[in-house]
Amino acid sequence: MPATELFDLSDTRVVVTGGTKGIGFGIASVFAQAGARVAVSGRSREGVDAAVAALSSAAPGRIAGFTVDVADPDSCRALAASTIEALDGIDVLCANAGIFPQADLSTMTPTQLDEVLDVNVKGTVYAVQACLPALQASGRGRVVLTSSITGPTTGFPGWSHYGASKAAQLGFMRTAAIELAKHAITVNAVLPGNVESAGLEEMGTDYLASMTSAVPLRRLGRAEEIGYAAAFLATREAGYITGQSIVVDGGQTLPESPDAVG
C-alpha cells in the first residue's frame, strides 16, 4: 500500500471570499498550485473574471468565480450554492473578504463604522453560515479566517473600526470552533502583518518605508506567504488544530521599540 503524501490538497474543494486580489488572490493561487479546485469571489464581475483567468493559466479547468456581497446573507447563500454546483461541494472556506478604509475616531460616521463591521465581521459570519451544510457534508471541513495583527495585537491611527472588526473575528472564531467541532470542522485564523499589495502602495512611499523598517526580516510579506499558512490549516494533518491563530508578519509584532530592530 503506497504511503499517503503529506499535506496533500489535490482535489480539495476551496472557496475564497475576496479572492480576486491582494491576500485573497495569494491564498487562492497557493491552493490552485497545490492541486485544489478553487472558487474565488469578489464584488465586481470584471475583477472576478480577471482573477479566474489568471488562476486558470496555472490550473485550467479547476477554477470558478462568482460575484458576492458578503455583507448580504442571501448573497452568501447564493455563493455557497454556486460553489457547490461548480466544485461538487466545499471542503474549505477561506473567509478573507475585508475592507480597510481609514477614518479618524473623532470624525468617523455611523455609516463608515457600519460599512467596515458589515463586511469584515458580519460578512465572515454570513459566509460561514452559508457554507456550513457543505462543510458538514465534507466530513473534514476547514474554515480559515483572514484577520490581522491590527486589532488583536497592534493598533494604527485611522483604523479603530478596522481593528475592532479584526479582533471581533477572533472572538467569533473561538466560539465557532467549539460549536462546529462536533461536525469535524476546524476554525482557525491567519493574522497577516504588512503584505505587499496595491492597497498598501496607496498609503504612499513614506508609509511603506516606515512599515518595512519596523519588520525584523526587513521586508514586507507576500500574499502567497499568507496563503501557505492558510493551506496548512486546511490540510488533513492540521485536523487537531482549531480555535487558533497564526501570526504571519516577519516578526513585526516582536520588538518592544523601534530601537530593538536595529
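Leu6, Phe7 and Phe232 form a nonpolar surface patch whose accessible area together is about 300 Å². The model is predicted, so local features need pLDDT of at least 70 and side-chain atom pairs count only at pLDDT 80 or more, whereas totals for chains, interfaces and linings use all residues. Residues are numbered from 1 along each chain as its sequence is written, and side-chain values use heavy atoms, with hydrogens and water left out.

**Surface patch**
- Patch members have over 30% relative accessible area and no salt bridge, and nonpolar side chains are joined within 5 Å; a salt bridge is a side-chain nitrogen of Lys or Arg within 4 Å of a carboxyl oxygen of Asp or Glu, and areas come from the Shrake-Rupley method with a 1.4 Å probe.
- Phenylalanine 7 lies in the segment before β1, and phenylalanine 7 counts as partly exposed because its relative accessibility is 45% (buried is under 20%, exposed over 50%, partly exposed in between).

**Strand pairing**
- Strands (E, at least two residues) and helices (H or I, at least four) are DSSP runs numbered from the N terminus, and two strands pair if DSSP finds at least two bridges between them.
- Strand β1 (residues 13-16) pairs with β2 in the parallel sense over 4 bridges, while β2 and strand β3 (residues 63-67) run parallel and are joined by 5 bridges.
- Alanine 39 in β2 is the bridge partner of valine 15, and alanine 64 in β3 is the bridge partner of alanine 39.
- Strand β2 (residues 37-42) is largely enclosed by the rest of the structure, because 5 of its 6 residues are buried.

**Crossovers**
- A right-handed β-α-β unit is made by β1, helix α1 (residues 22-33) and β2, and another right-handed β-α-β unit by β2, helix α2 (residues 45-56) and β3; right-handed means that, with the strands pointing away from the viewer, the path from the first strand over the helix to the second runs clockwise.

Methods:
Buried means under 20% relative accessible area, exposed over 50%, partly exposed in between (1.4 Å probe, protein chains only). Patches are made of residues with over 30% relative accessible area and no salt bridge: like charges are joined within 9 Å, nonpolar side chains (Val, Leu, Ile, Met, Phe, Trp, Tyr) within 5 Å.
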